[in-house]
Amino acid sequence: MLVLVAPGQGAQTPGFLTDWLALPGAADRVAAWSDAIGLDLAHFGTKADADEIRDTSVAQPLLVAAGILSASALGDISGIAPGAVAGHSVGEITAAVFAGVLDDTAALSLVRRRGLAMAEAAAVTETGMSALLGGDPEVSVAHLEKLGLTPANVNGAGQIVAAGTMEQLAALAEDKPDGVRKVVPLKVAGAFHTHHMAPAVDKLAEAAKALTPADPKVTYVSNKDGQAVASGTEVLERLVGQVANPVRWDRCMETFKELGVTALIEVCPGGTLTGLAKRALPGVKTLALKSPADLDAARELVAEHTQA
């Protein structure tokens with residue numbers, strides 16, 4: 001069984017959209033999305049530097065656009081026929097497109113509002129996120145709580161992402177939990193998936209009222225608890241609430257395993273989620289769509305693992 005996944009914020013790098021825009025029709029499609037949301041996605045995906053695309057209001061629409069574009073280059077979702085789809089954090093909106101819950105324009109409009117609302121919430125207090133590599137999850141979570149930090153992403157495969165104020169993160173860097181090898185600051189502009197993002201929830205809920213979600217056409221696995229969600233209305237509700245609640249990617253991977261996953265493809269800018277899958281899902285074939293050069297290998301994987 002094939003699972004199609006979409007990465008979250010921090011996966012972006014300068015120029016990562018350049019090669020994708022060279023594909024037939026891609027530039028026109030991205031231009032139309034840019035006009036629809038008032039953001040020059042082509043510029044930010046090809047010419048902007050790391051600081052510019054670190055901006056939450058830019059990074060989030062850019063990631064969703066890249067995910068949709070790369071999956072479309074791979075093939076029509078009905079032809080790809082994944083057994084399940086999921087996305088990490090903002091990647092959940094990309095996955096909602098894969099599942100047919102939202103169309104391209106609706107998804108990009110929603111993520112534009114999400115990015116702006118979260119950037120505004122992040123500006124209230126200087127906050128950030130850091131990844132903990134290694135260690136025992138229970139020990140790490142207890143240590144984070146002692147420092148006043150939130151385990152905002154529980155990613156599995158020995159990785160937890162802490163979120164909080166910069167002072168709290170500095171204290172973590174000096175006082176790592178037992179067993180943690182390294183604390184790595186992430187290229188994000190706030191303490192996402194924590195109480196610091198509460199102001200963004202109301203704004204996103206207001207934006208969601210204008211949308212009419214469809215029920216998922218394929219199994220949609222939610223960050224909230226790793227459960228499959230069959231209602232489009234519930235998917236949208238979870239997308240709104242997830243902004244201020246922890247991402248449980250560990251539970252998503254547990255669900256993939258229960259569903260019988262045999263292959264996992266991560267859309268552009270892939271790498272993070274395939275890395276986690278290699279450690280947490282041994283025996284599962286993985287592929288990251290980093291550039292169009294990966295498309296042929298991805299199509300072969302689709303052919304091998306597509307459901308009948």
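**Questions on a predicted model**

Author: In this predicted model, helix 5 (residues 56-74) has 19 residues, and the distance from its first C-alpha to its last is 27 Å, close to the 27 Å expected at 1.5 Å a residue. Gly75, whose phi is positive, near 150 degrees, follows helix 5.

Reader: Why is helix 5 called largely enclosed by the rest of the structure?

Author: Of its 19 residues, 17 are buried, so helix 5 is largely enclosed.

Reader: How do you know that the length of helix 8 agrees with its number of residues?

Author: Helix 8 (residues 104-122) has 19 residues, which at 1.5 Å a residue should span 27 Å; its end C-alpha atoms lie 26 Å apart, and therefore the two agree. At the start of helix 8, a side-chain oxygen of Asp103 comes to within 3.3 Å of the backbone nitrogen of Thr105.

Reader: Why does Ser89 count as buried?

Author: Buried means under 20% relative accessible area. Ser89 has 11% relative accessibility, and so it counts as buried. Ser89 lies in the loop between strand 2 (84-87) and helix 7 (91-98).

Reader: What makes the pair Ser89 and His193 a polar contact?

Author: The limit for a polar contact is 3.5 Å, and the side chains of Ser89 and His193 make theirs at 2.5 Å. Leaving aside neighbours within four places in sequence, Ser89 is in contact with Arg114, His193, Asn223 and Val247.

Reader: What makes strand 8 and strand 10 edge strands?

Author: Six strands form an open sheet, with mixed pairing, in the order 8-7-2-1-9-10. Strand 8 (228-229) and strand 10 (285-288) each pair on one side only.

Reader: In which sense do strand 7 and strand 8 pair?

Author: Strand 7 (residues 219-221) and strand 8 pair in the antiparallel sense over two bridges, and Tyr220 stands opposite Val229 in strand 8.

Definitions and conventions:
Residues numbered from 1 in each chain as written. Predicted model: local features only at pLDDT ≥ 70, side-chain atom pairs only at ≥ 80, totals over all residues. Heavy atoms only, no water. Helix = DSSP H or I, 4+ residues; strand = E, 2+ residues; numbered from the N terminus. Buried < 20%, exposed > 50% of the residue type's maximum accessible area, 1.4 Å probe, protein only. Polar contact = N/O pair within 3.5 Å; in protein donor to acceptor, adjacent residues only side chain to side chain. Contact = heavy atoms within 4.5 Å. Expected span 1.5 Å × (residues − 1). Pairing = 2+ DSSP bridges.
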